[in-house]
Each structure stands twice: as C-alpha cells, then as structure tokens.
Amino acid sequence: MLAFSIRRLFQALLVMIVVALIAFTLFRFVGDPVNQMVGVETTPEQREALRERLGLNDPVIIQFARFILNAAQFNFGTSYQFKQPVAEMIGKRLPATLELSIVSAILAVLVGIPMGVYTGLNRDGVLSKFLLSASLIGISLPTFFIGILLIFIFSVNLQWLPSFGRGEVVQIGWWSTGLLTWSGIKALILPAITLGLFQMTLIMRLVRAEMLEVIRTDYIKFARARGLPNRAVNYRHALKNTLVPVITITGLQLGTIIAFAIITETVFQWPGMGLLFLQSVQNVDIPIMAAYLMLIAFLFVLINFVVDLLYFYVDPRLRAERAIK
Amino acid sequence: MSDEPLKQDAPRGALKRALDSDILHSFLRSKITVIAAVITALYFIGALFAPWIAPHDPFDLAGISILDARVPPLWMDGSDPRFLLGTDDQGRDVFSAILYGSRISLAVGFLSVILAAIVGVLLGLVAGYVGGRTDAIIMRIAEVQLTFPAILIALLIDGAARGVFGNLDREKYVFWILVFSIALSLWVQYARTVRGSTLVEKNKEYVQAARLIGIPPFLIMIRHVLPNVIGPVLVIATINLAIAIVTEATLSFLGVGVPPTQPSLGTLIRIGNDFLFSGEWWIAIFPGVALALLVLAVNLLGDWLRDALNPKLR
C-alpha cells in the first residue's frame with residue numbers, strides 16, 4: 001500500500017512538472033512578457049531594466065526552476081490586463097466554480113444511479129427505452145446549447161429562474177457561498193443542471209451496463225435460488241458490486257466537470273474561474289492562463305490520486321494481488 | 001489477410017460481396033441507422049451545394065437589407081415568404097446561414113478528424129512497432145494529455161496561437177488553428193488503439209517474414225502492419241467526427257472560434273444568443289437544433305458502426 005502510494009505520488013509529480021513546463025513555455029515564449037507589462041512610451045533602457053529585474057536574461061533552466069518554485073507557492077505574478085495578483089483573482093473566483101461543480105456532480109450521481117439501476121433491471125420497459133433514447137439525445141446536445149434551451153424555457157418564457165450571475169452571496173471568511181440565500185440557490189439551479197446533465201447520462205449508462213453484467217453472474221443466480229426477496233438481491237448484492245467502477249468514473253468526471261464549467265459559466269455569466277480563464281484566452285493574459293492550467297492540473301492529479309487509493313481500498317482483490325507479488 | 005488473392009476478380013466480386021455482406025444487412029435492418037444516414041447525407045449535400053441550394057447568400061452584402069432584419073419564421077405573424085426560418089438582426093436569412101454554417105462546421109470537423117487520425121495512427125504504429133523508450137515517451141505524453149478534456153486543450157492552443165500571431169493575423173489563420181487545436185486534442189485515442197493492435201501484429205509470421213527478406217521497418221509498418229490495424233480507426237473516426245463538430249461549435253460559441261464574418265453553426269448560436277431575451281428566439285434556436293440533429297445523426301451512425309464491426313456482438 002505504501003509503495004503503491006509512493007509510486008503514484010511520483011507519477012503525479014511527473015505530470016505536474018510536464019504541465020509546469022507547458023505553462024512556463026506559454027509564459028516565456030508566447031509574446032514578450034515585457035511588452036505586455038509596459039506602456040508604449042517606455043524607453044529601451046527601462047525595458048532592459050525591467051527585463052533584468054524579472055530575471056528574463058537568466059539561463060532558461062534557472063528561469064524554469066524559479067517558475068516552479070513560485071508556482072509551488074501559487075505565485076504567478078500579476079495579470080497583464082487587470083494589473084492584479086493572479087493568485088488573488090483566482091482565489092476570489094474559486095468558490096463559485098467549486099460550488100457549481102460539486103452541486104452538479106451530486107445531482108448527476110443522485111439522479112444518474114437510480115436511473116441506471118431502473119433501466120438495468122427493467123430492460124424492456126417503456127420508461128427504460130425512453131430514458132435510453134433521451135440519454136443519447138442528451139449526449140448529442142452540446143453543453144452550451146442545453147444551457148441556452150434552459151434559459152429560453154425557464155428564464156425567458158416561464159420567468160421562473162434567473163439566467164445569469166450567482167444571486168446574493170454570503171461571505172464566510174474568504175469563501176463566498178450562494179447556498180445560504182434563496183436567490184443564490186435559485187441562480188444555481190439552471191447552471192447546475194446544464195453542467196450535470198452530461199455526467200448524469202454517462203453515470204446512468206455506466207450503472208445500467210454494470211447492472212446487466214452483474215445480474216448474469218453466478219452469485220446473483222444463487223441468491224435468487226436461495227429465495228431471497230428481489231429487493232435484497234437487486235440492492236444488497238447486485239448494486240453493491242456495480243459501484244466500484246461507478247466511484248472511479250464519477251471521481252474522474254469531477255475533474256472534467258470543473259473544466260467544462262468554462263462553458264456553463266460563459267452561458268450563465270457565472271463569476272467563476274472558467275469565465276476568468278476564457279477572458280484571459282481572448283486577451284492573451286498569459287499569467288492567468290498559466291495559473292489556471294496549473295490549478296486544473298493539480299486538481300486532476302489530486303482527484304486521480306484519491307480515486308486510485310479509493311479503488312484500492314474498495315476492491316479487496318487488488319490488495320490481495322499486491323500481497324502475493 | 002487470407003482472402004488476398006480474391007482481389008484479382010474485383011471490382012465485380014467486391015461489389016457483389018458488399019451487397020450481401022453482414023454489414024449491409026445489419027444496416028438495412030436498423031431503421032434508425034438508415035434515418036441517421038439519410039440525415040447525415042442531407043447535411044453533406046446541403047453543405048457541399050450550399051451556394052446553389054440556399055435561397056439567399058448571407059455573405060453577399062448587396063443582397064441583404066437591414067429592412068428585412070428580425071423577420072420571424074414562416075408560420076408566425078409578420079413573417080415574409082422569402083425567409084423560411086426568419087432573419088437575424090442584419091437581415092440575413094437564417095436558413096441560408098445554417099446551410100453555410102454547416103459547411104464550415106463539417107469542414108473543420110472532417111479536417112481535424114483526418115489530421116488527428118493521421119497523427120494518432122502514425123504515432124501508435126511507431127510506438128507499438130519500435131517499442132522501448134520511443135514507446136514509453138509517446139505513451140506517457142498520451143497519458144498526460146488524456147487527463148485533460150479536449151476543450152481545455154483546444155482553448156490553450158488557441159490562446160497560444162493568439163499570442164504568437166496577434167489577434168488580427170489570427171483571423172486569417174483561424175480556420176487552420178481550429179483544425180489544428182481540435183486535432184491535437186483528439187489524437188490520443190487513435191494512438192492507443194493502433195499501438196495495442198500493432199503489439200499483437202508485429203509478432204505474427206507475415207511481419208517476421210517481411211523483416212527477414214530485408215524490408216525496411218518504415219515500409220513494414222505502412223504496407224504490412226497498417227492495413228491490419230486500421231479497422232477500429234474508422235469507428236473512432238466516426239464517433240470523433242461528432243466530438244469534433246461539438247468542440248468546434250463550443251469554441252465558436254465561446255468566441256474563440258471562427259469570426260462572425262464566416263459563421264459556423266456555433267458562431268450563429270452565439271450571435272443569436274444576444275436576441276433570446278428580446279423575443280427573436282429563432283436566431284439562436286434553429287442553428288442549435290440543426291447542430292444537435294447533425295451530431296445526433298453522426299453519433300447514431302458511429303454507435304451502429306461500432307456494433308456492426310464488433311463480431312462479439314453478432
């Protein structure tokens with residue numbers, strides 16, 4: 001277990017270094033950082049002084065080492081466009097994105113698993129067929145168009161829910177939450193559905209496929225032969241064994257959700273990191289792009305790591321294999 | 001493959017074989033697949049012949065008039081028989097814009113899938129055939145990239161391209177930047193699949209024989225291994241076409257794709273999105289439905305192809 005964790009940790013570190021290299025390349029070689037920071041009337045001498053002060057004349061290796069050291073402390077300098085520290089700007093917007101992502105993930109799991117179990121158990125039911133067709137359409141609808149449709153129906157026509165922003169937020173320390181006010185919750189509903197729908201269909205199809213597989217196994221047949229009630233067989237024996245892959249996929253999808261939040265945040269003008277990142281791409285604000293890339297990579301690596309350990313913990317066979325080796 | 005000598009009596013034999021093959025049979029038996037194929041074909045025809053089919057040229061400034069702006073679709077009050085699906089804020093016919101938009105969406109989708117397939121298949125072949133350190137490096141890169149969603153990678157490449165070309169020059173190359181960034185976000189799947197089958201093929205006798213008579217490795221890969229590992233690539237490519245079209249539309253919707261002067265379906269939705277609240281819903285919704293229908297049809301085709309080519313499921 002310990003050796004396994006250490007090896008995983010080492011791999012994670014390697015991924016982070018590769019990503020840091022990409023971020024550094026972006027920062028250093030896409031456009032001239034000095035040109036972005038100074039005005040037109042700056043003299044060549046002043047530029048050279050700034051260049052020296054920023055360490056841009058040092059060997060590239062040293063610059064990269066410095067970049068990593070700074071990145072480890074989440075120091076990415078100042079935004080070209082807003083002239084504010086990048087870490088502070090992202091920190092302010094992190095809660096909005098995380099709240100949206102986590103609520104969508106919970107929604108996807110809470111709705112997706114029951115739908116998957118139902119369609120897996122009642123293969124030929126009318127409702128099952130309907131849900132399956134609907135899920136195919138759900139996969140084919142681009143995320144942003146789902147958002148637009150929801151806005152069109154619930155904001156423009158029915159006028160039930162707001163179409164942009166977070167509503168009122170409450171500040172708890174450095175964390176700002178929209179979950180404690182009525183308008184904040186109302187503002188969260190449409191974006192959370194938009195973001196969660198794709199994962200919901202994914203989880204549903206996964207649980208269904210796993211259920212169909214498990215139901216055919218001998219131990220389920222045996223449980224039925226023993227005369228156990230359907231409910232006990234379906235939920236205690238079958239569902240339990242489908243959940244291992246579901247946990248893995250859901251965990252990995254959490255990272256995807258955070259990245260897809262870029263689209264949802266744009267449609268709903270949700271003031272999160274994704275919207276900030278998109279603006280930075282449009283304005284070639286490299287420090288924000290680099291910081292966002294590093295943060296997302298870190299979250300991905302962290303989630304991967306936790307999921308790996310969880311998998312290891314949930315499935316006893318994996319532990320046994322390692323022990324034999 | 002075993003029926004290599006049969007190639008002599010092609011094309012008549014090939015055509016006959018195709019006509020009573022399992023694939024054609026399973027195709028005709030699945031009604032929904034036939035419908036999906038017809039819809040996809042219609043999109044292709046519409047996109048290819050847009051200048052002849054479209055009732056108006058949405059990019060001909062002389063032909064559009066601001067007086068025709070915001071006309072609703074045919075079945076609503078205040079409509080104009082010239083505009084089947086209404087007009088946008090500049091008086092452009094929405095139906096014609098969709099036809100021209102599908103053209104760009106399909107072109108970007110196709111080219112990026114082809115580019116991704118070429119890059120992925122070649123890297124997969126090399127990784128599988130050469131093995132060793134080359135394999136390790138290629139597959140490690142693939143693994144790192146696989147942890148990031150395609151849209152994020154495409155956005156980053158686009159951002160870097162803006163930095164390199166500048167925002168103005170970017171408009172000139174935007175089509176190719178899009179193709180390039182979407183292709184780069186999709187190559188991994190091909191590489192992994194091809195590498196896997198190459199690992200199996202390279203130990204077979206025909207490869208050993210080719211090696212023994214002194215054919216250089218590059219030719220063995222292209223002429224002997226490639227034809228035997230290319231099957232699954234077609235399935236991935238079909239499913240990827242849907243992903244590529246959605247990615248292009250998403251990038252264009254986010255405002256980092258093709259500019260409004262040459263709109264794709266995604267750009268049209270972006271333009272229409274601003275008018276959702278003022279009641280002109282058709283400017284955004286129709287291109288959106290057109291996009292969803294295209295993606296759904298391609299997805300259904302891909303699903304069917306995957307099942308049809310998988311002998312385990314027959």
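Before anything else, I wrote down how a bend is worked out: the bend at a residue is the angle between axes fitted to the seven residues ending there and the seven starting there. I also noted that helices (H or I, at least four residues) and strands (E, at least two) are DSSP runs, numbered from the N terminus.

Some ground rules. The model is predicted, so I kept in mind that local features need pLDDT of at least 70, that side-chain atom pairs count only at pLDDT 80 or more, and that totals for chains, interfaces and linings use all residues. Residues are numbered from 1 along each chain as its sequence is written, while chains are lettered from A and ligands numbered from 1 in the order in which they are written.

**Helix H7 of chain A**

I started with H7(A), residues 143-157, and found that it bends by about 30 degrees at A:Ile151. How far does it reach from its first C-alpha to its last? I got 20 Å for its 15 residues, close to the 21 Å expected at 1.5 Å a residue (the expected span is 1.5 Å times one less than the number of residues).

Next I checked burial (buried means 20 or more other C-beta atoms within 10 Å of a residue's own, exposed 12 or fewer, partly exposed in between, with C-beta atoms placed from the backbone). A:Ile151 is buried, and the buried residues of H7(A) also include A:Phe144, A:Phe145 and A:Leu150. The buried residues pack against H8 and H10 of chain A, plus H10, H11 and H12 of chain B.

**Over to chain B**

B:Arg270 and B:Asn273 are among them. What do they pack against? I found H7 of chain A, together with H5, H10 and H12 of chain B.

Then I counted contacts (C-beta atoms, placed from the backbone, within 7 Å): 33 residues of chain B are in contact with 32 of chain A. H7(B) gives the most to chain B's side, with 10 residues. That side divides into 23 nonpolar, eight polar and two charged residues (Ala, Val, Leu, Ile, Met, Phe, Trp, Tyr, Cys and Pro count as nonpolar, Asp, Glu, Lys and Arg as charged, the others, Gly among them, as polar).

Last, I looked at chain B as a whole: 12 helices and zero strands, with buried residues making up 44% of its 314 residues.

Note on methods
Contact = placed C-beta atoms within 7 Å.
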